[in-house]
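Thank you all for coming. I would like to walk you slowly through one structure today, so please keep the sequence and the model in view while I talk.

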Amino acid sequence: MSETDLTDEAQEPERLVINYPGPIPGFKYPIQMVFCGNCSLPLEYCEFQPNYVECKRWLEKVLPQEFEKLGQRKGKKSVTIVAGLASYDVDLSEARKVFAQRFSCGCSVTEEDEVTIQGDFVEDVIAFIKERWKEIPEEELEDIGEIKVRK
């Protein structure tokens, strides 16, 4: 190794310069976060907690104006309901697992003969049922359309 090679290695590494533009116009600083008194998370995350109902009660009681905003934030969420599988001796627990795995979503057995899949998968579910459970006649599979549910 030459003497010039040794001096090149000893040089200071380059520094990363981040160009921070400063405060964003229109924001009030410092930014204040509101946390739930029930689950201790920011209000936006309460809906993902198992005790969401308790969080909503707390919010309605303590911060009614935030509770009103919570109702306005909700978007239109779809679920696909599959009913009648038990009539063909299909194990609903197994069907729930298979649907959840196939469509990469949440899925639950909600009633005696009903599986609820989170998301709009109607056509895919019908095709999958034809493929997976051949004992179910094709003419028995139908899309009954959208049903609006009031909460």
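This is a predicted model: local features need pLDDT of at least 70, side-chain atom pairs count only at pLDDT 80 or more; totals for chains, interfaces and linings use all residues.

Residues are numbered from 1 along each chain as its sequence is written, and side-chain values use heavy atoms, with hydrogens and water left out.

Let us begin with the layout. The chain has five helices and three strands, where helices (H or I, at least four residues) and strands (E, at least two) are DSSP runs numbered from the N terminus. Read from the N terminus on, the order of the elements is α-α-α-β-α-β-β-α. Of the 151 residues in the chain, 23% are buried, and here buried means under 20% relative accessible area, exposed means over 50%, and partly exposed is in between, with a 1.4 Å probe and protein chains only.

Now to the interior. In soluble globular proteins, nonpolar side chains tend to be buried together. A nonpolar core, as I use the term, is a set of buried Ala, Val, Leu, Ile, Met, Phe, Trp, Tyr and Cys residues joined through side-chain atoms within 4.5 Å. The largest one has 19 residues, and Leu85, Phe99, Ile117, Val125, Ile129 and Trp133 touch the most other members. The elements that give two or more residues to this core are H4, strand E3 (114-118) and H5, and the largest share, five residues, comes from H4. Apart from this core lies another, of seven residues, including Cys36, Cys46, Tyr52 and Leu59.

Which rings pair up? The structure holds seven aromatic pairs, meaning that rings of Phe, Tyr and Trp (its six-membered ring) have centres within 6.5 Å, with planes under 30 degrees apart called stacked, over 60 edge-to-face and the rest tilted. One of them joins Phe99 and Trp133, which are edge-to-face, with 5.7 Å from centre to centre and 70° between the planes. Because Phe99 lies in helix H4 (residues 92-103) and Trp133 in the segment after helix H5 (122-132), this pair ties together parts that are 34 residues apart in sequence. Both Phe99 and Trp133 are buried, and together with Phe103, Phe121 and Phe128 they form one aromatic cluster.

Next, please look at helix H2 (residues 52-62), whose buried residues are Tyr52, Cys55 and Leu59. These residues cover an arc of only 55° around the axis, which puts them on the same side of H2; the arc is that of the directions from the helix axis to the C-beta atoms. The face of H2 turned away from its buried side carries the exposed residues Val53, Arg57 and Lys61.

Finally, the cysteines. How many disulfides does a search of the whole structure find? The search finds zero, a disulfide being a pair of cysteine sulfur atoms within 2.5 Å. Cys36 is in no disulfide, and the nearest cysteine sulfur, that of Cys46, is 3.7 Å away. With 4% relative accessibility, Cys36 counts as buried. The sulfur of Cys107 is 5.8 Å from the closest cysteine sulfur, in Cys105, which is too far for a bond, and Cys107, at 13% relative accessibility, counts as buried.
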